[in-house]
Amino acid sequence: MKEKIKTFLAICILILTVPYVVTLLFQGNKTSVGNQAMKSMLDQGYSSSGQTGEDGLDMEEYLTGVLAKEIPLDYQMEAIKAQAVIGRTSLAAALETGEKNLPESMSREEMLKLWGQDGFEDNYRILEEAVSATKGEVLYYGGGLIQAEFHAVSAGRTRSAKESFQREGEPYLDCTESGMDIPSPDFLKVVFMEKEEFCKKLEGLCPGFHADAANVLESVTVEERDSSGYVVRMKAGEEELPGETFRAGFGLNSSCFYLKDVENQVRIVTKGLGHGLGLSQYGANELAKEGKNYQEILQYYYKDCSVQKIYE
């Protein structure tokens, strides 16, 4: 009799707990997982189903969070779809090479906190549509995944990876006319800086550089610009530094900058926002407004690349 009672109680407990366990399992992919946990789950690579890692984290779900961080969601849907393909390409490339340097992703909880409940529902619907419409699609060149570089706004023309950064083997990252970026609010920025502050920042970048602050620009020269107008190399006194290093040190929008002495201050004019390689997001949005679809947009900015599916 005691055994029958024990068996009956065990069955009751099982009946009560199974729905709870099942609910937890099905909600697992919907709860927030820290980036480090996601990376460890993605370590094993991806399968043709789009599932990744030993715990089956979905590559498309992760990509939704990547897309949320990378592009304004008030942009045209075709531009957002193009960004989804770019994000998936970067994610797949990181997994393929084993570098584990995955694009940053935003959790649903972070989205909810950022947008609020109403904003979350609207924005998440946009993200899901872009990811779903491009499911499994990545950019290929010569049989391999590309380095899918992108930036916010070009200086009117995107850059060549070979010319600007001596990066061989990436002919698809070439100069592309992007004059549609010019109306962007971020196309042009003008900053005025006191000469003493300018001199101090420059000395921080070039420890061997010393100059009279009043005449500091006499000791600073741009040695080389690329064909898109970005500074490749400059000199401070006898010290050389890359344009991107100067840009980072001074917190500039881009390395397409121009320096001038104006009313005893240093005026710094920059064009564009970002490094200038690959797709311009603002330009992509303008192309979408003209009726271009996401594949046409990608092929415009990435020379001779094709969009291919790695899973259905």
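This is a predicted model: local features need pLDDT of at least 70, side-chain atom pairs count only at pLDDT 80 or more; totals for chains, interfaces and linings use all residues.
Okay, so let's start with the rings. How many aromatic pairs does a search of the whole structure find? The search turns up 7. One of them is Tyr300 with Tyr301. Their ring centres are 5.0 Å apart and the planes sit at 85 degrees, so we call that pair edge-to-face; the cut-off for that label is an angle over 60 degrees.

Now, are those two tyrosines buried or exposed? Tyr301 is buried, at 0% relative accessibility. Tyr300 comes out at 31%, so it counts as partly exposed, because that class runs between the 20% and 50% limits.

Lys303 lies over the face of Tyr300, 5.7 Å from the ring centre. So Tyr300 has Tyr301 as an edge-to-face partner, and Lys303 over its face.

There's another charge over a ring elsewhere in the model: the charged end of Arg225 sits over Tyr258, and the distance to the ring centre is 4.0 Å.

Back to aromatics. Which residues form one aromatic cluster? That would be four phenylalanines: Phe198, Phe246, Phe250 and Phe257.

Last stop, Glu60. You'll find Glu60 in helix α3, which covers residues 59–70. Its relative accessible area is 9%, so Glu60 is buried, given that the cut-off is under 20%. And what does its side chain make a polar contact with? The side chain of Arg88, at 2.9 Å.

Technical notes. Residues are numbered from 1 along each chain as its sequence is written. Side-chain values use heavy atoms; hydrogens and water are left out. Helices (H or I, at least four residues) and strands (E, at least two) are DSSP runs, numbered from the N terminus. Buried means under 20% relative accessible area, exposed over 50%, partly exposed in between (1.4 Å probe, protein chains only). A polar contact is a pair of N or O atoms within 3.5 Å; within protein, one must be able to donate a hydrogen and the other to accept it, and residues adjacent in sequence count only if both atoms are side-chain atoms. Rings of Phe, Tyr and Trp (its six-membered ring) pair if their centres lie within 6.5 Å; planes under 30 degrees apart count as stacked, over 60 as edge-to-face and the rest as tilted. A charge sits over a ring if NZ of Lys or CZ of Arg is within 6 Å of the ring centre and within 35 degrees of the ring normal.
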